[in-house]
Amino acid sequence: MTPPTTQALTDEARRDLLSTMVLIRTYEEAIRAAYYADKKPAFDIGAGLVPGEMHLSAGQEPVAAGVCAHLTAEDAITATHRPHHLAIAHGVALRPMTAEIFGRETGLGRGRGGHMHLFDPSTHFSCSGIIAEGFPPALGQAYAFQRQSGSHVAVGVTGEGAANQGAFHESLNLAALWQLPVVFVVEDNDWGISVPRSASTSVASNADRAVAYGMPGVRVEDNSVEGVYAAAGEAIARARSGGGPTLIEVHTLRLWGHFEGDAEGYRPELKSVPEQDPIPIYRDQLLASGALEDGQYQGMQKIAGEQVEDAINFAKNSPTPDPLDHLSYVFSEGAHS
Amino acid sequence: MTSTLSNKQSLVLAVEPQAGRRKLSTAKAMQEAISQRMARDESVFVMGEDVGAYGGIFSSTTGLLDRFGPERIRDTPISESAFIGLGIGAAVEGMRPIVELMFADFFGVCMDQIYNHMAKIHYESGGNVRVPMVLMMAAGGGYSDGAQHSQCLWGTFAHLPGMKVVVPSNPYDAKGLMTAAIESDDPVVFVFHKGVMGLGWMAKNDRSVGAVPEDEYVVPIGKARVAREGTDVTIVTISLSVHHSLDVAEKLASEGISVEVIDLRSLVPLDRETIVRSVSKTGRLIVVDEDYQSFGLSGEVIAVVAEHDPTLLKRVSRVCVPDVPIPYAHELEYAVLPTPARIEAAVRDAVAK
């Protein structure tokens, strides 16, 4: 299928999409700065205020903004090891999310989870660090919504590398078989860490795989936020009204490395990547069309900067977990046996 | 994330009531526990391969489809990652799924959902997300089903934090533990040995049929049972091996050898207190386990005692499956299983020294 034509978007809706993308980028830049701040001169992955692997989503903002514009906090979303853009666009509160990334007691998981394991029950948001394994729980959330006779949907998000995993295919079959209110979104950023898509995937478009499961499949090219918005809008509306699942693949962009510290020596096209940055492209498009006026973009950046600074300060000023409390939360009533 | 379906009445259930006189097989006892809970709680549903019209390959769900219909007793495709993960997501949203993995041996195709998701979400979320789900599975050998359909593997689940691991040996415990498992707000792996189910189509111990109260009740998870009191030797065991151990204990009683048999009933939590109390009395410990010997339950139980007080142990030994795949040929399989003959030899050896 070709992507549906963009639904009529008001200028305000366009600015909202841009503003979500700006907030995400501002956040990722701040996390990146905090991540490296105390890892100099020698890079030690386990050192500093923000230790561990850090997978940032710069460049993939159009996916999050375009999909989540159709969701409410009652809808579920399962994200990947690269989850921040989806969490932010879905409305996860920045303060506890950031505190979790900083490993603080005030974090979403009280410092037990970390940046790949963010769980926010209030927005039905979760993510998993294991490739493709966020799809099966999304089925279950969709199943519960279906049983509860509501119109809520679940959205499962993976990268293109995940489309070669068993859980991906099992999930598509089961979702179509049971007509679950779920939408599958594949973020094709061309790279599975260092392996290019051409070396991992037998089909030109993962959306083609949808036909094998009897569901619509759509590929959105050019990292277009309005393209994502249109495709996701149609898919989510179908899921809400009992029409079953859809598979959407978005050709997006990994602006930075797989994780921070990745020198990307394997990436020949690296020099041209900044030119593909979706945010200035969309900004200029809106300026040209008159949807955005001079100064409005700077206003978005300013508001985003304040929100992000507040969240980072909250995290930094929050207490670290008590080491004596390391056994808590294995089970719901406390440490086992 | 509270389910609007969750309309369970707050019942205070009896804890380990008198067994009464009505007898059921372990399979029927499990079915009854599921059925009674489903009748009062719309959020409970059963899902798995052949749990519907077939009634579960080992009869864990017989009759449930007729009573509750295909929406709540759902056959699945052979897609364990997808349907176990589906259970997890549904549990996160407030439902109480009972998911069957047909054989414990099949965890290889879906372990990520089990140990990286089902078992870890509560911890990773700092206690903010609960996964109240039962993952039940058949285990065990003795009927020549070969190396991929005869394993117990409960020690593997118990090794990984975040899941309770329940392994009933008899109908009474099976019903009470299943009720407790459904009631639990934590993920519970419920492992039933095929040889304790009371199936008409494989050899079974007489104890696979026993007295079971009709009303709902719970057997608390994490509490071992002294299945037989004794003074000379402690056998710590689980599941079908409990029956073999009791048979051996009865036989040796006539020779004046007094064997205490501890049925652990669950690996997680492990009732360390009951183990230590018994060995404090007997000074001799034999662990009987149909799971593989090394790096598992048997070593753990011995470590519990050794860490508590190594001087308690006058004698210690294990009767487990040696570290080989379960063989197909009957003669070979029974050479590796913890048979009554091997248990008896271990007891005689323990009291001889």
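A: Two residues are in contact if their C-beta atoms, placed from the backbone, lie within 7 Å. This is a predicted model, in which local features need pLDDT of at least 70 and side-chain atom pairs count only at pLDDT 80 or more, while totals for chains, interfaces and linings use all residues. Residues are numbered from 1 along each chain as its sequence is written, and chains are lettered from A and ligands numbered from 1 in the order in which they are written.

Chain B brings 43 residues to the contact and chain A brings 35 residues. On the side of chain B that touches chain A, the elements giving two or more residues are α3 (80–92), α4 (111–118) and α5 (121–124) of chain B, where helices (H or I, at least four residues) and strands (E, at least two) are DSSP runs, numbered from the N terminus. The most comes from α3(B), with 11 residues. By residue class, this side of chain B holds 18 nonpolar, 18 polar and seven charged residues, with Ala, Val, Leu, Ile, Met, Phe, Trp, Tyr, Cys and Pro counted as nonpolar, Asp, Glu, Lys and Arg as charged, and the others, Gly among them, as polar.

Turning to the fold of chain A, six strands make an open sheet with parallel pairing, in the order β2-β1-β3-β4-β8-β7; two strands pair if DSSP finds at least two bridges between them. The edge strands of chain A are β2 (125–127) and β7 (217–220), each of which pairs on one side only. Three parallel bridges join β1 (residues 76–79) of chain A to β2(A), and A79(A) stands opposite C127(A) in β2(A).
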